[in-house]
Amino acid sequence: MFGRSIVFFLSTNTRFLRSSLSLKTSKNLNPVFLNLNAARFCTSSTKASTETSATSITTVDEDGALQFTPNTYRLKLVTFNDSPQYTERPDDHKLNHDSLPANPIVVGSVINRPNVTPDDPVVQEYLNGIKSENRSYLARAITLIESTHPMKRAQGQVLVREVLEYCRRKQKHSLNSAMSFRIGLSGPPGAGKSTHIEALGKMLTKRNHKVAVLAVDPSSSTSGGSLLGDKTRMLQLAVDPNAYIRPSPNSGTLGGVTRVTNDAIVLCEGAGYDIIIVETVGVGQSEFAVADMVDLFELLLPPAGGDELQGIKKGIVEVADMVVINKSDGDLIPAARRIQMEYVSAMKFIRPKTKVWKPCVLRVSSVSKEGMEEMWAKMEEYYKVMSSSGELERLRRRQHVRWMHNHIHDSLVSVFHEIPRVKELIPDLEELVRKGVVTPGQAADKVMRDFIRQIDENLLRYRVPTSSQDDDTSSSSDSSDDDRSEKKDKKKDKVKHELDKLVGKKKDAPRFGYGRTANY
Ligand SMILES: Nc1nc2c(ncn2[C@@H]2O[C@H](COP(=O)(O)OP(=O)(O)O)[C@@H](O)[C@H]2O)c(=O)[nH]1
Ligand SMILES: [Mg+2]
């Protein structure tokens, strides 16, 4: 997030922040300013460790502008610095980088946990917008949950929680089941998914349903988003006031995309969409991820057999509640019939996912709309059977557990890649794997070991390579390599000693780690 080298400045004085901006350009550093509650820390002794909190974090963006993030951050800060500690002075604003301590200034572990409450103004504004079924607020809310910014992400999570609560209350007070119907749709490219969604969507909005279409496409960061291009294919639905089409988020990982889509479903439901269609292009394991977040999973196939269906993943037919052979019109009818028969007999051997529903194979034409009414009737039948038997509720509860794991997965991966040691190692390891010097498994083991070690040390040690290296050479330009490595070793020992002391003291307290605080 911040680049390779990070300097933490602890200050209660904002003038200091501005005067230190020159660091960014002159020394190619990325200053992170922690605006502490009290100057206590800044004036403490040269060796200190303290727990404190900051009221805001200020970073400098690419253009040199200050980015101010007000919030409460829990911090654990440790200094091990021989040079005079920076203390606030009246002439702070005149401070330039030459007067700053040259060695690592502050070593600290910033545990960043934005503290967002339901009365947060952004959360409230979006929540009200969603409750009033405002489409533009829905779009903005989904953008919020897609954000990787910690503050926005935290606001997004609180918003999702509030919307879930709102949906729950609405459902309780409604005589009919107010639960939405979530439909997953997958199929090979060219099967006619976009055409099919347009036909189904239009049919449903005419029946006074509100339809949201979401896409799961982990490849969209490179392909530019399939549904975005498809919006041109869903021309009528795209302009329908009772429909909302949202392309796949541009997060490259399937975990990221599924997390966002799960949350987006909730937001759409809050905004009054009672039918949610989730389309997947079938990249990676995306169709299985989608099958895991919907009530009914529809597999759409073209009237083609054998080789043309090779692209369909093994096991995908097993998770389908409904197989629909599309393009059953004109000359293609006989082929569609044949494929239908093939699937009917193949599916006899598949164990149904639930006792109350036997997967069926239908034939439709998304162009002539033939069979579409019958298909919808079958979908409604499924919904009725599933909800009256309690299966739908159980299915959704199971999905919530998986959804939690998605969150863990996604957060873990992003935390992992934020760890400086990991960032450092990955390019080298990639190169070694490419050259065949180490096996992929060995490389993964190595980086995992270092990751765990760093977590175990309970501290992230941010150093300032540029300034300290400069310093090393200037202060010891005539010393030998041996001297230098001895010095380094001593420094390391000292650091280790400080860490041991800290860990020893905190033995009984919950452990510190990246992204965690001792107090929650
Ligand atoms: N004859 C016929 N063509 C269809 C039907 N549905 C889609 N198509 C055509 O199949 C092609 C691929 O459709 P598209 O919706 O883009 O497929 P996707 O890649 O699965 O989204 C397009 O040329 C459509 O016009 C259908 O029901 N009948
Ligand atoms: Mg398409």
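This report walks through selected features of one protein model, from its salt bridges to its surface.

The model is predicted, so local features need pLDDT of at least 70, side-chain atom pairs count only at pLDDT 80 or more, and totals for chains, interfaces and linings use all residues. Residues are numbered from 1 along each chain as its sequence is written, chains are lettered from A and ligands numbered from 1 in the order in which they are written, and side-chain values use heavy atoms, with hydrogens and water left out.

## Salt bridges

How many salt bridges does the structure hold? The count is 20. A salt bridge here is a side-chain nitrogen of Lys or Arg within 4 Å of a carboxyl oxygen of Asp or Glu. Three of these pairs are listed below.

| Pair | Closest N to O distance |
|---|---|
| Glu133 and Lys210 | 3.2 Å |

Start with Glu133 and Lys210, which form a salt bridge. This pair links distant parts of the chain, 77 residues apart. Glu133 sits in the loop between α3 and α4 (135-146), and Lys210 in the loop between α6 and β7. Helices (H or I, at least four residues) and strands (E, at least two) are DSSP runs, numbered from the N terminus.

Are the two partners buried or exposed? Buried means under 20% relative accessible area, exposed over 50%, and partly exposed in between, using a 1.4 Å probe and protein chains only. Glu133 has 37%, so it is partly exposed. Lys210 has 14%, so it is buried.

Arg246 is buried because its relative accessible area is 12%. Glu146 counts as partly exposed because its value is 25%.

Arg397 and Glu393 both lie in helix α15. They are 4 residues apart, about one turn of the helix. Arg397 is exposed at 55% relative accessible area. Glu393 is partly exposed at 35%.

Salt bridges can also join up. Arg421, Glu424, Lys446, Asp450 and Arg453 are linked in a network of them.

## A buried charge without a salt bridge

Asp120 lies in the loop between β5 (107-111) and α3 (121-131). This residue is buried yet has no salt bridge. Which side chain of opposite charge is nearest to Asp120? It is Arg161, 11 Å away.

Asp120 does have a polar partner. Its side chain makes a polar contact with the side chain of Gln155, at 3.2 Å. A polar contact is a pair of N or O atoms within 3.5 Å; within protein, one must be able to donate a hydrogen and the other to accept it, and residues adjacent in sequence count only if both atoms are side-chain atoms.

## Two positive phi angles

Most residues other than glycine have a negative phi. Asn208 has a positive value, near 70°. It is found in the loop between α6 (193-206) and β7 (211-216). With 71% relative accessible area, Asn208 is exposed.

Lys327 also has a positive phi, about 65°, although it is not a glycine. This residue lies in the loop between β11 (322-325) and α13 (333-347). Lys327 counts as partly exposed because its relative accessibility is 29%.

## Cysteines

How many disulfides are there? The count comes to 0. The rule asks for a pair of cysteine sulfur atoms within 2.5 Å. Cys167 is buried, at 16% relative accessible area. Cys360 is buried as well, at 11%.

## Nonpolar residues

Phe288 is in helix α11 (residues 286-291). It counts as partly exposed at 22% relative accessibility. Phe288 and Val319 are 31 residues apart along the chain, and their C-alpha atoms are separated by 7.7 Å.

Val401 lies in helix α15 (residues 391-418). At 46% relative accessibility, it counts as partly exposed. Together with Met404, Ile408 and Leu412, Val401 forms a nonpolar patch on the surface. Their accessible area together is about 360 Å². Such areas come from the Shrake-Rupley method with a 1.4 Å probe; for residues, only the protein chains shown count as cover. Patches are made of residues with over 30% relative accessible area and no salt bridge: like charges are joined within 9 Å, nonpolar side chains (Val, Leu, Ile, Met, Phe, Trp, Tyr) within 5 Å.

Conventions: Lys and Arg count as positive and Asp and Glu as negative; His and the chain ends are not counted.
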